[in-house]
Amino acid sequence: MDQVKAFARAAAKHLFWIGCGLILVGSMASWFVARQSLHKEFEKNQGDIKSKFTMVKSLQAKRDPPNSKSHEEMDKLLDNTLRLVVQAWQLHYSQQDAILRWPMDLREDFVTAVRPLKPIEAKVDFPTPPNQELKVDFRRRYAGYVGNLLPRLADVVGTTWQVGRGGAGGMPGMMGGAAQLTPEEQQKLAQRKPPIVIWDPQDQARLVATHFDWSKQPDSSPTTLQLLYAQEDLWVLTALMHIIRQTNGQIDSRHEAVVKNIETILIGRHAPPRAGQVIRLAGGGMGGGMMDGGMGGMDGSGYMSSESGATPGASDMGMGGGMMPAPMGGGDMYGSGGDMGGMMPGAGRMSADPAEGRYVDNQYQALRAETLRTALRSPSPDDPFLVVAKRMPVRMRLTVDVRKLPRLLAQLGNSMLPVEVRQVRINRGKEGGGGGYDMMGGGGYGMMGGGGYGLMGGGGSEMGGGYMGATPGMETGMGGYGQTPDMGGGYAAPYDSGYGMGGAQNIKDRTTVASTSQNDVPVEIYGIIYIYNPVDEKKVGLDQQPALTGTLSQATAAAS
């Protein structure tokens, strides 16, 4: 007992240090226990995170993650979107189908034969086998119809068709030997009211030569493909004429017109996809807005260079003026007129398919005919952009009252065959290379060497100047302009006509006096016209079953 008391007195004497020791031991024990607990919890949480991360990575690696609810809702959204696309497609096609009608002037048997051939690329092969060719009588009939229609097309805008009639022995509507104007025709031409719009006769001749000249072909008639594409060209040209007419309005004199001159109208493969680009001023470069090798970044081959987005197919010829010239003797090198395969000095052989480079894709690059035909004939919805509509490029160079240019642009968008304007260039000089488009070395359109198409006479039509009396809808313009009496022989470009300057130059002299002002400037417009194909839900994948994302098939397999 005495020992305990002695120990207690000693402990009381050192109580502070004993207490400190006990506290230290207790703290160390608590820290160790807490550390073990936290370590276990950390390892557990870390393991959970790693397992979740591994699960997410494995889920991402799967092509179709198993989320049926998400797939079902996405299927509904995609299905509804596709239905809206098909509805819009059906609406545009129905509206356009009511406009783009074959004229009954060609008679019912002809219209019955050609009406089912839509889309052209899916219905008619190239090369076209004999069993797909239309009868020669139909093709000759159409050639005569075109020769009579073009002068009436010029009357829509109050201009004069100045490409002369074909001579004896030439088929109606063909490019044949041209005859001089008779005294009676010269007198009628002199008495006519001056045109409101002047359409360059060289451009008229180029238009005929590159789109409607089949005189060098067998039977002096177009092939089935050429016929179908020629009618498409006529629909587009008619739409453009009505746009100009609507822009000018109901006027009586040339000085009142918004559009006074038509210098060029280029459509399809002849319309350069790009007319220039803005570049940085650096090094030895020239000013902004430079051209890539001439008109529209062309490499001289007739198509755009690969940089500017066109179809390749010919070697560089070093042209500075833009497009490939049209060949001599009728037809263009691509097969739209004549059966040439496209052989030009210094150029490779072009495809004779009339669809080659005729349309552009969504990057405004010329489409190969093979690409378009494959897309339209494929049963799978691999390229719905090409399946829904074909995009035909259009380029016009006009003399316009710049103060009223918005009116022209509005009419382009409001037309029954609307033009999607992609580029407008104001007060732009003609491209180099001798003057005008489609040239190689000399003046005139589509000629090799100088001289152009010769001096255009004033053959014109005999229907009188001014506007047509028809409503400016497309039914009249694109359907043959009603039942206007036949105008006889076709109209031909007078390469060696001997007309002199008597007709065309006199008209130009009479109408340019006191009819222009400083506000009338050259305007170049590049746009796209959509030509819608017949609606086919399969081509956009709407009829695919099971659902678009494949959820239903997975669910069905799981249930079974």
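This is a predicted model: local features need pLDDT of at least 70, side-chain atom pairs count only at pLDDT 80 or more; totals for chains, interfaces and linings use all residues.
Me: By what two quantities is a pair of aromatic rings described?

Reply: A ring pair is described by the distance of the centres and the angle of the planes. Take F110 and Y142: their centres lie 6.2 Å apart, with 0° between the planes, and the pair is stacked.

Me: Where in the chain do F110 and Y142 sit?

Reply: F110 belongs to helix α4 (residues 108–114) and Y142 to helix α6 (residues 136–155). They are 32 residues apart, so the pair links distant parts of the chain. Both F110 and Y142 are buried.

Me: Why does the pair of Y142 and Y145 count as tilted?

Reply: Their planes meet at 45°, with the centres 5.8 Å apart.

Me: How far apart are Y142 and Y145 in helix α6?

Reply: An α-helix has 3.6 residues a turn, so residues three or four places apart point the same way. Y142 and Y145 are three residues apart, about one turn of the helix.

Me: Is Y145 buried or exposed?

Reply: Y145 is buried, because its relative accessibility is 7% and the cut-off is under 20%. Y142 is buried too, at 0%. Both tyrosines belong to one aromatic cluster, whose members include W102, F138 and W235.

Me: What about helix α6 as a whole?

Reply: Helix α6 is mostly covered, with 17 of its 20 residues buried. It bends by about 30° at L149, and P151 follows within four residues.

Key
Residues are numbered from 1 along each chain as its sequence is written. Side-chain values use heavy atoms; hydrogens and water are left out. Rings of Phe, Tyr and Trp (its six-membered ring) pair if their centres lie within 6.5 Å; planes under 30 degrees apart count as stacked, over 60 as edge-to-face and the rest as tilted. Helices (H or I, at least four residues) and strands (E, at least two) are DSSP runs, numbered from the N terminus. Buried means under 20% relative accessible area, exposed over 50%, partly exposed in between (1.4 Å probe, protein chains only). The bend at a residue is the angle between axes fitted to the seven residues ending there and the seven starting there.
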